[in-house]
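User: I'd like to learn how to look closely at one part of a protein model. Could you take me through it, starting from the whole?

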Amino acid sequence: MDEFLKSLLNDLKQSRNNLSRYITAGFIFAFFGHFYVIEPYFSLKNQEKAVKEKVLELSSKKNAFFEEKRKAKEKIKKIKYITETTKRKIDKLPDELRNAIYEIRRQLENPDSFSAVQSRRLILPQNIKSLEDGVKWYISNWSEKLIKNIKKEIDESSNLFDSKEKAEIEKLSAEIKKSIDFYIKNINPDFWRAYQGKISFAHGLKDVISDSFSPLFEKLSEKEKDIDKNINNLSYKIEKLEESKEKIQKEKELLRKRLSSIESPIGKLPVNLTDFIKTFPVLVFLAGIVIAYTSGKNRTYGRYFVKEGLSSGIEKDKLMQISRIYSIKEKTVSIVLLILLIIVVRSSFLIVTDKELFSTVQGNVIYSEFIFYSFVYTVSAVGLAVLIFNQYKKS
């Protein structure tokens with residue numbers, strides 16, 4: 001083998017080594033760039049978006065529960081105020097009842113007395129003929145006023161009670177009135193002829209009213225506990241979601257560090273993460289061009305080596321065998337280019353569907369940049385498809 005043919009063989013070897021190196025470098029760059037940066041980046045962005053939406057949703061729920069808790073406490077405060085006011089009035093009942101009995105007895109004994117009429121603090125209905133009827137009338141009238149006052153307090157706090165709660169309070173009020181009437185109706189008639197025991201009567205009446213209010217107190221207390229429990233659960237969930245957000249931010253920072261250790265076929269990339277992502281499909285396309293060009297050179301050197309060898313009298317089979325050893329098949333290059341095309345299409349799709357990459361700090365999309373990159377991505381994909389077709393046709 002003469003020196004010229006040896007030189008051609010060395011060129012063939014060198015071109016094969018270069019092609020092998022570019023295929024390896026391009027494949028590694030495309031594979032790791034896509035699965036080490038592109039896919040994780042958009043996956044994390046989707047996670048971050050989902051976390052933000054969940055945080056907003058739970059924060060809204062938490063605020064709603066806080067508002068419900070505030071209203072529940074106001075309801076409880078209002079009910080306690082009504083109850084305490086009622087109890088104070090009931091506490092005064094013994095003295096009021098004593099004065100009322102004295103006034104009722106005096107009016108029954110001297111119904112037409114001018115001095116009696118002048119000093120009346122209550123006016124008996126004409127159908128009242130006995131002390132017992134008079135006292136029952138007084139207590140019934142007193143309880144009706146008390147219940148009316150309760151309803152008035154409820155009506156003035158209409159924003160605190162819904163229609164269902166108002167209906168329940170109305171029912172309780174009716175039960176209170178019914179309990180009072182039943183209590184009075186079943187008192188021994190001898191009770192009215194002496195003042196002894198009037199205090200126990202008033203205390204009994206107080207217990208009747210307090211017992212009637214107990215179910216409402218219990219219900220509101222349970223509701224407040226449930227609301228507190230829900231708020232605590234929501235606070236815990238929000239805290240966990242905030243931790244997830246911090247974790248995502250750390251992972252995004254890790255991506256930036258990963259970027260600094262990645263090399264393209266032309267060396268390290270002096271760009272930030274966003275710029276790298278936007279230019280990645282184009283870089284993969286350029287890697288494909290370099291691979292296709294080097295494959296063409298390798299194929300040309302192989303044909304030229306065989307041609308010159310035949311001119312030197314070397315057997316064709318031997319030359320073809322040497323050429324195949326130091327050449328990479330077009331089908332192999334086509335498969336590599338196809339993989340690069342898939343990566344370009346996938347990465348381009350992820351990029352163009354996330355317009356935040358082309359937005360300003362204020363969140364406005366720069367459509368000129370978006371259209372430019374979309375066009376470049378399309379050219380890159382079509383260009384790789386053409387290279388694959390050419391490689392396949394020459395195989």
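What percentage of the 395 residues in the protein do buried residues make up? After that, please zoom in on E103 and its helix.

Analyst: Happy to! Buried residues make up 39% of the 395 residues, where buried means under 20% relative accessible area for a 1.4 Å probe, with protein chains only. This is a predicted model, where local features need pLDDT of at least 70 and side-chain atom pairs need 80 or more, while totals for chains, interfaces and linings use all residues. Numbering starts from 1 along each chain, and side-chain values use heavy atoms, without hydrogens or water.

The protein has 10 helices and two strands (DSSP runs: H or I for at least four residues, E for at least two). Along the sequence they follow the pattern α-α-α-α-α-α-β-β-α-α-α-α.

Now for the close look. E103 sits in helix α2, which covers residues 93-109. The helix has 17 residues and its end C-alpha atoms are 24 Å apart, which agrees with the 24 Å it should span at 1.5 Å a residue (1.5 Å times one less than the residue count).

Which residues of α2 are buried? They are L93, P94, L97, A100, I101, E103, I104 and Q107. An α-helix has 3.6 residues a turn, so residues three or four places apart point the same way. You can look for that spacing as you read along the list.

E103 itself counts as buried because its relative accessibility is 2%. The side chain of E103 is joined to that of R106 by a polar contact of 3.2 Å (N or O atoms within 3.5 Å, one able to donate a hydrogen and the other to accept it; sequence neighbours count only through side-chain atoms).

Let's step back to the open spaces in the model. The largest pocket is lined by 15 residues, and K45, N46, K49, D354 and E356 lie nearest its centre.

How values were computed. Buried < 20%, exposed > 50% of the residue type's maximum accessible area, 1.4 Å probe, protein only. 1 Å grid on protein atoms, 1.4 Å probe; cavity = no way out; pocket = protein on both sides within 12 Å on 5 of 7 lines; lining within 4 Å.
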